[in-house]
Amino acid sequence: MQVALCIAAAAIASALIAPSLASADEVPPVNPMSGDAKMIREGKSWFVNVCSPCHGGRADGAGERGTAADLRKWNKGFRKFVATVKGGKDTGRAMTMPAWGGVLDEKVIFQIGAYVETLAIEGANWKEGVAQQ
Amino acid sequence: MDRRFKKLQLRGLFAALVLAGYAGLSHAGPVNDQMLAADPGASWLHANGNWAAHRYSTLTQLNVSNAKDLKVAWVFSPGGKTDAQNTPLFHDGLVFFAQDNKVFALDGANGTVVWKYEHKLADDWGGYNVPFVTGKHRGLAIYGENVYFLSNDAKLHAINYHTGKATFVKSFEGFPAPKDFAKAKDATGYAITVGPLAIPGTIIVPMNGTDFGGLPGYVLGVDPANGNVQWKANMIPGKGEPGYDTWPEGSQQYGGAGPWITGSYDPDLKMYITGTANAYEWNPKNRGGGEMDNVGAASIVAVNTTDGKVAWRYVGVPGDPWDYDIPQTPMLINIDGKQTVVQPNKTGYIHYLDAKTGKFIKATPFADKITWIKGYDANGRPIDMVALPKEGGDPVEVWPSLLGGVNMYPNAYNPKTGNLYLAATNAGMKYGFEDIKIISNVRHFGAYQEFIWANEVQLAVNAKNGNQVWRNEESKPGYAGGMLTTAGNLVFYATQGGEFRAVNASTGEILYSLNTGTAAKSGPITYMYNGKQYVVQALGGTTGFGRDEAWNNEFGSVVIGFTR
């Protein structure tokens with residue numbers, strides 16, 4: 001009986017967890033919108049509205065609302081970018097990176113990524129982990 | 001005993017009593033209207049020092065001849081998780097300081113915590129840009145036996161200043177807190193960072209946080225006994241008021257104009273005079289495209305405190321296309337026999353208005369570089385403003401940036417020197433517009449800026465003619481946290497990088513300096529306790545604005561008491 005319960009619980013748990021894992025796996029290692037002028041344009045518009053207050057108009061972290069990451073130097077690859085935008089980042093202070101996953105469509109996050117990638121400077125890496133695929 | 005000696009003894013006793021009174025005893029007990037009306041001496045009862053917002057103390061024990069002997073008397077860490085923007089208060093032996101929705105009462109002699117009051121924000125607190133303001137508080141008020149505290153979620157807390165227990169906590173209908181818009185359909189709300197002001201019979205409650213989705217700014221007058229609303233003043237003109245038609249119909253409801261910083265009060269005119277923040281959204285396409293004045297936003301507004309009716313509004317940046325909000329505290333100074341509103345602001349100019357009528361007198365430049373206009377005409381209208389950027393096009397370079405000039409970091413006025421002391425900067429920006437995105441009922445900015453950094457400066461400016469008297473320039477960008485000046489001919493401030501200083505108010509000569517190693521985002525205060533004059537400076541947050549790599553300081557949180 002106990003074993004049956006455990007199996008049932010495991011099945012429910014995996015059913016709950018599986019979709020999110022599947023979703024994470026669905027994010028391609030390289031942004032499919034990279035270099036697409038139309039997507040980049042739309043990505044800039046979104047970036048200005050939701051990201052630039054903290055990350056600045058140049059994405060250099062010099063936002064009107066305070067210190068944030070210099071996204072021109074993003075070197076953790078596209079998947080990590082999407083994961084961070086969706087899940088946010090706890091800085092340990094009041095000024096945290098909010099989780100945008102429940103707010104922005106994945107397509108919009110990809111568009112933002114395509115735009116930010118165009119601002120890359122030395123040290124940036126949007127293909128981190130691609131070689132291991 | 002010799003009669004003359006007895007007389008001398010009595011005189012000595014009298015002098016001792018007077019001195020004791022000066023040292024604080026006569027200022028103890030419940031705060032009454034006379035105490036509120038006085039310039040600060042033994043106590044510091046308003047965030048801005050006095051109703052006229054001078055941040056000037058009559059104390060002289062610390063002065064130009066002994067400021068070099070300053071020493072740290074105590075250090076207190078409030079464990080802040082964001083910028084320390086609060087100018088503390090001092091009364092009855094206690095320093096009152098707010099940080100992260102907590103209020104601390106500290107022993108004025110040694111910084112020991114006497115009590116701590118804590119307010120918890122709701123679990124669904126949050127939303128667009130809200131982390132930017134969470135935990136920041138710029139002022140407290142004290143009246144009777146209560147300290148009045150406005151928490152981020154627009155609740156007014158009356159806290160007994162002896163015990164730290166709440167006398168009442170008041171929410172205000174129509175002023176919801178912002179919610180995480182991933183979870184809430186109705187997500188926009190008022191996130192409050194400004195402090196209240198105590199005037200006879202009323203606590204002024206500014207509702208400032210209008211940038212978190214788009215809301216209109218208000219100032220409430222409430223009953224000190226229970227928080228009941230006495231009146232409600234709209235910063236943006238309502239139907240029938242002059243200026244209503246300077247907004248496209250309907251745009252007023254999300255138009256911003258939050259009264260961002262505690263204003264000043266004229267007891268003769270019975271007016272509360274406040275600066276207001278930017279018009280919303282930042283991209284002006286839905287509110288006249290910069291062609292309509294948007295009166296009430298980026299304005300100075302005078303509220304009649306007997307009935308809450310707005311006496312006048314002066315718009316300093318018509319149509320506000322640059323996020324040049326002008327929320328800086330308007331100081332009240334008698335110039336040539338006329339009660340004058342004097343407001344240095346983000347435009348790079350000091351604006352002078354007739355306090356009674358709001359009529360424009362003049363605007364004198366103080367920033368090194370001003371390119372957005374060529375000046376103000378005789379009616380207070382900008383001359384030859386540069387062309388606005390096109391939506392989706394290239395950004396346009398203007399000076400100052402939306403950081404100012406001077407920003408929200410408080411300035412001071414010394415009636416003895418006749419000087420204003422400005423916490424200024426000289427940054428410029430490239431400013432551009434994009435389409436405005438709306439999620440839930442949250443309207444986003446539709447605008448962005450790219451800063452062009454220049455150095456922090458502290459300026460002394462003749463209040464009457466706007467001429468520069470002295471200038472201290474730092475080697476890095478930023479501004480001082482705020483200015484304090486005293487009858488001891490001193491100015492106190494901490495630089496953006498946390499260099500706490502006492503300088504000669506007449507010359508700017510640095511008399512004392514201590515590197516505290518963390519960010520300054522608030523103004524210092526001074527008070528007298530047990531016969532000693534103290535200066536208190538709160539510090540904390542992250543040095544610089546954005547990722548300014550010129551600074552090596554890490555995040556900090558500390559309150560320091562100085563004496564000699």
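# Briefing: chains A and B of a predicted model

In this predicted model, 31 residues of chain B are in contact with 28 residues of chain A. Contact here means C-beta atoms, placed from the backbone, within 7 Å. On the side of chain B that touches chain A, the largest share comes from strand 31 (residues 447-452) of chain B, with four residues. That side divides into 13 nonpolar, ten polar and eight charged residues. Ala, Val, Leu, Ile, Met, Phe, Trp, Tyr, Cys and Pro count as nonpolar, Asp, Glu, Lys and Arg as charged, and the others, Gly among them, as polar.

Residues are numbered from 1 along each chain as its sequence is written, and chains are lettered from A and ligands numbered from 1 in the order in which they are written. As the model is predicted, local features need pLDDT of at least 70, side-chain atom pairs count only at pLDDT 80 or more, and totals for chains, interfaces and linings use all residues.

**Overall form of chain B**

- Chain B has two helices and 40 strands. Helices (H or I, at least four residues) and strands (E, at least two) are DSSP runs, numbered from the N terminus.
- The radius of gyration of chain B is 23 Å, close to the 24 Å from the globule rule for 564 residues, so chain B is as compact as a globular protein of that length. The radius is taken over C-alpha atoms, and the rule is 2.2 Å times the number of residues to the power 0.38.
- The C-alpha trace of chain B spans about 90 × 50 × 45 Å along its principal axes.
- Of the 564 residues in chain B, 59% are buried. Buried means 20 or more other C-beta atoms within 10 Å of the residue's own, exposed means 12 or fewer, and partly exposed lies in between; C-beta atoms are placed from the backbone.
- Among contacts in chain B between residues at least 6 apart in sequence, 62% join residues at least 24 apart.

**Nonpolar core**

- The largest nonpolar core holds 199 residues; Phe96(B), Leu140(B), Ile142(B), Tyr148(B) and Val491(B) touch the most other members. Such a core is a set of buried Ala, Val, Leu, Ile, Met, Phe, Trp, Tyr and Cys residues joined through C-beta atoms within 7 Å.
- Helix 2 (residues 37-55) of chain A gives the most to this core, with eight residues.
- Not counting residues up to four places away in sequence, Tyr148(B) touches several residues, including Leu140(B), Leu156(B), Pro196(B) and Ile203(B).

**Helix 3 of chain A**

- In helix 3 (residues 77-87) of chain A, Phe78(A), Phe81(A), Val82(A) and Val85(A) are buried.
- Seen down the helix axis, these buried residues fall within an arc of 95°, so they line one face of helix 3 of chain A. The arc is that of the directions from the helix axis to the C-beta atoms.
- Helix 4 (106-117) of chain A is among the elements that cover these buried residues.

- All five residues of strand 13 (residues 218-222) of chain B are buried, so strand 13 is largely enclosed by the rest of the structure.
- Tyr218(B), Leu220(B) and Val222(B) point one way from strand 13 of chain B, and Val219(B) and Gly221(B) the other way.
- Strand 13 of chain B pairs in the antiparallel sense with strand 12 (residues 202-207) of chain B over five bridges. It pairs in that sense with strand 14 (residues 229-234) of chain B, over five bridges. Pairing requires at least two DSSP bridges between the strands.
- Leu220(B) stands opposite Val205(B) and has Lys232(B) in strand 14 of chain B as its bridge partner.
- The hairpin of strands 13 and 14 of chain B has six residues between the strands, and Gly227(B) there takes a positive phi near 80°.

**Strands 20 to 22 of chain B**

- Strand 21 (residues 349-354) of chain B is mostly covered, with five of its six residues buried.
- Strand 21 of chain B pairs in the antiparallel sense with strand 20 (residues 338-344) of chain B over five bridges. Five bridges join strand 21 of chain B to strand 22 (residues 360-365) of chain B, also antiparallel.
- Tyr352(B) is the bridge partner of Val342(B) and of Lys362(B).

Key. Contact = placed C-beta atoms within 7 Å.
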